[in-house]
Amino acid sequence: MAQEQKAFPLSPPAARALEMLRAAGYEAWIVGGCVRDFLLGLSPKDYDITTSALPEETKAVFQGLPVIETGIRHGTVTVVLEGEPLEITTYRVDGDYSDARHPDQVTFTRSLREDAARRDFTMNAMAYSPGEGLQDFFGGQEDVQHAQIRAVGNPMIRFQEDALRILRGLRFASVLGFSLEQETEEAARRQAGLLKKISAERVSAELAKLLLGKGAGHVLQTYPDILGQVIPELLPMVGFDQRNRHHCYDLLAHTAAAVDGVPSGLSLRLAALLHDVGKPRCFSLGEDGEGHFYGHARESAAMTREILTRLRFPKAVCQRAETLVHYHDSVIEEDPRLVKRWLNKLGAEPFFQLIDLQRGDTGALAPAYRSRKARLDAVEALAREILAQSPCLTVRDLALRGQDLMALGLRGPEIGRAQRMLLEGVLEGSVENEKQALVKFLESYPAKKGEISPGKREGTRRKSNAR
């Protein structure tokens with residue numbers, strides 16, 4: 001029997017879809033994460049519906065509306081109602097999972113309980129329908145109240161069926177701040193090797209959500225044996241004593257603190273996760289007994305590129321994370337000329353992400369060295385002050401355009417060399433970014449090997465209308 005429950009404020013399309021299915025004589029419930037989110041006081045991002053109607057019966061109910069056969073073999077169609085896509089799935093029982101990810105076959109059923117029994121965790125196996133209330137066969141509501149992630153039924157079987165559920169459990173722990181119930185946790189550790197069977201795209205999608213969660217650092221420290229199945233480069237970091245006065249944590253604990261110490265953003269969190277991944281390979285012990293990691297930023301950047309490419313993260317995400325890792329150990333001084341050069345090198349957004357990464361890294365050092373944050377705060381403030389003045393930071397910002405340089409008699413590669421030289425002068429403060437000042441600076445600049453000053457170009461007469 002369904003439990004009495006305060007009415008959930010469903011979206012109008014979701015409520016209408018339930019009404020249409022029930023009016024046609026079928027059972028219909030919202031199910032899964034949206035129910036869990038309601039109990040947590042969160043607004044669902046989408047609604048999944050489960051029904052006793054068979055796929056063809058569901059299509060008939062919504063005849064005349066856009067219906068997409070997104071997974072009809074497994075009983076799922078997507079109905080677009082009032083612009084909102086709703087996944088509607090027939091009650092089903094899953095068969096064997098020979099690939100540790102997808103059921104080989106499914107059998108449709110008219111039983112909501114049988115459908116709920118195939119789901120991953122109790123908090124995702126609840127169903128709700130207006131007028132019917134909350135249907136909770138496996139104690140999901142109680143587990144939500146206790147912030148606990150518990151597998152439905154036997155956790156060993158649940159994870160053998162679909163190994164991605166192991167990462168999903170860790171992702172929920174990070175995002176919701178929940179903990180895994182003991183038997184579920186033990187099964188996740190024992191079955192973690194099955195994650196190697198899961199496609200890189202599915203793994204990276206779960207990792208991304210996990211890293212953006214509020215408990216990412218805790219999950220990283222608690223489950224390195226599981227995460228190490230998909231990023232084995234993390235395993236040498238476990239318990240690694242850095243033997244350096246700057247550090248009070250082992251390498252994995254330092255990394256976890258750095259992850260928690262940076263703002264939520266995928267490239268930035270990935271960079272925090274991997275910024276020191278090359279340290280075990282670069283470790284050396286000085287004569288004074290202190291550990292050193294010469295070249296670790298370069299090594300970590302190379303490993304970051306290899307890891308994220310292997311996991312099929314988007315190219316732009318890989319490149320940004322690699323750049324941040326490469327420069328994470330660089331010292332950025334509070335000097336306008338130097339800050340302008342960094343802004344020129346990286347661009348504004350990556351520069352501020354680098355400051356965020358360095359701030360998170362610094363916060364994970366021994367307490368005596370965390371005062372470096374003050375310098376980073378000052379550098380960030382200086383950079384924002386510089387940007388507020390709309391400075392010239394790239395060739396595109398120069399007041400002297402390419403066509404102006406052509407009018408001065410320059411051609412081909414000479415134009416690019418002149419632009420780089422002018423930008424260098426502006427960044428150094430040797431010349432104002434003003435057209436006539438740039439022309440004068442260019443004409444007075446000593447000719448270098450392979451460069452010809454404007455007006456002195458061999459075989460070319462300076463145009464009379466050049467300005």
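**Reading the chain**

Analyst: Start with burial: of the 467 residues of the chain, 50% count as buried. Keep in mind that this is a predicted model.

User: What radius of gyration does the chain have, and what would a compact globule of 467 residues have?

Analyst: The chain has 30 Å, whereas a compact globule of 467 residues would have a radius of gyration near 23 Å. Along the principal axes, the C-alpha atoms fill a box of roughly 90 × 65 × 40 Å.

User: How many helices and strands are there in the chain?

Analyst: The chain contains 22 helices and 13 strands. Contacts can be read next to that count. Taking contacts between residues at least 6 apart in sequence, 65% join residues at least 24 apart.

User: What does the accessible surface of the chain come to, and what share belongs to carbon and sulfur atoms?

Analyst: The surface comes to about 22200 Å², and carbon and sulfur atoms account for 48% of that. For charge, the chain has 61 positive and 63 negative charges, and their mean positions are 8 Å apart.

User: How many disulfides does the count come to?

Analyst: The general idea is that a disulfide is a covalent bond between the sulfur atoms of two cysteines. In the model, a pair of cysteine sulfur atoms has to lie within 2.5 Å to be called one. By this rule the count is zero disulfides.

User: Is cysteine 282 buried or exposed? And cysteine 392, buried or exposed?

Analyst: The cut-off for buried is under 20% relative accessible area. Cysteine 282 is buried because its relative accessibility is 15%. Cysteine 392 has a relative accessible area of 7%, so cysteine 392 is buried too.

User: Next, backbone angles. What is phi of alanine 147, and where is this residue placed?

Analyst: A positive phi in a residue other than glycine is the feature to look for here, and alanine 147 has one, near 50°. Alanine 147 sits in the loop between α5 (140-145) and β10 (148-149). With a relative accessible area of 25%, alanine 147 is partly exposed.

User: Which loop holds arginine 312, and what is its phi?

Analyst: The loop runs between α15 (296-310) and α16 (315-327). Arginine 312 is not a glycine, yet its phi is positive, at about 65°.

User: Is arginine 312 buried or exposed?

Analyst: Exposed means over 50% relative accessible area. Arginine 312 is at 52% relative accessibility, so arginine 312 counts as exposed.

Notes: Residues numbered from 1 in each chain as written. Predicted model: local features only at pLDDT ≥ 70, side-chain atom pairs only at ≥ 80, totals over all residues. Heavy atoms only, no water. Buried < 20%, exposed > 50% of the residue type's maximum accessible area, 1.4 Å probe, protein only. Helix = DSSP H or I, 4+ residues; strand = E, 2+ residues; numbered from the N terminus. Rg over C-alpha atoms; globule rule 2.2 N^0.38 Å. Contact = heavy atoms within 4.5 Å. Areas by Shrake-Rupley, 256 points an atom, 1.4 Å probe, with all protein chains shown as cover. Lys, Arg positive; Asp, Glu negative; His and termini not counted. Charge placed at Lys NZ, Arg CZ, Asp CG, Glu CD.
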